[in-house]
Amino acid sequence: MQTLYAIGSINDAMRGKRLLEKYGIRAYIQKLSSDAENGCVYGLAVTSSVPQAVSVLKQGGVAVREVREREGS
């Protein structure tokens with residue numbers, strides 16, 4: 001299982017990755033989409049469902065647009 005946290009910008013995704021890793025949560029940055037309406041959307045992929053990840057990101061000032069669960073790695 002992999003959880004994707006959709007983040008608005010690459011800068012916020014990089015900041016979010018550092019925050020999560022500070023709390024022992026391994027995260028990877030992925031580009032999720034790019035279109036004229038929403039611009040580029042980056043995601044933080046976490047290899048398991050980590051309940052505290054969203055609160056860590058929010059406390060660190062990183063806005064999470066969407067949370068997606070998907071099978072595989």
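A salt bridge is taken here as a side-chain nitrogen of Lys or Arg within 4 Å of a carboxyl oxygen of Asp or Glu. The model is predicted: local features need pLDDT of at least 70, side-chain atom pairs count only at pLDDT 80 or more, and totals for chains, interfaces and linings use all residues. Residues are numbered from 1 along each chain as its sequence is written, and side-chain values use heavy atoms, with hydrogens and water left out.

View 1. The closest N and O atoms of Asp 12 and Arg 15 are 2.6 Å apart. These two residues are 3 positions apart in helix H1, which places about one helical turn between Asp 12 and Arg 15. Helices (H or I, at least four residues) and strands (E, at least two) are DSSP runs, numbered from the N terminus. A second salt bridge joins Glu 21 to Lys 17, with 2.9 Å between the closest N and O atoms. Glu 21 and Lys 17, 4 residues apart in H1, are likewise separated by about one helical turn. Asp 12 is partly exposed at 22% relative accessible area, as is Arg 15 at 30%; buried means under 20%, exposed over 50%, and partly exposed in between (1.4 Å probe, protein chains only).

**View 2. The salt bridge between Arg 68 and Glu 66.** Here the closest N and O atoms lie 3.3 Å apart. Arg 68 is partly exposed, with 34% relative accessibility, and Glu 66 is partly exposed with 39%. The salt bridge count comes to 3.

**View 3. The two sides of helix H1.** Ala 13, Gly 16, Leu 19 and Leu 20 are the buried residues of H1. Seen down the helix axis, they fall within an arc of 125°, so they line one face of H1; the arc is that of the directions from the axis to the C-beta atoms. Asn 11, Arg 18 and Lys 22 are exposed on the other side of H1. Just after the helix, Gly 24 has a positive phi of about 80°.

**View 4. Thr 3 in strand E1.** Strand E1 covers residues 2-7 and includes Thr 3. Thr 3 is buried, at 0% relative accessibility. Its side chain makes a polar contact with the side chain of Glu 69 at 3.1 Å. A polar contact is a pair of N or O atoms within 3.5 Å; within protein, one must be able to donate a hydrogen and the other to accept it, and residues adjacent in sequence count only if both atoms are side-chain atoms.
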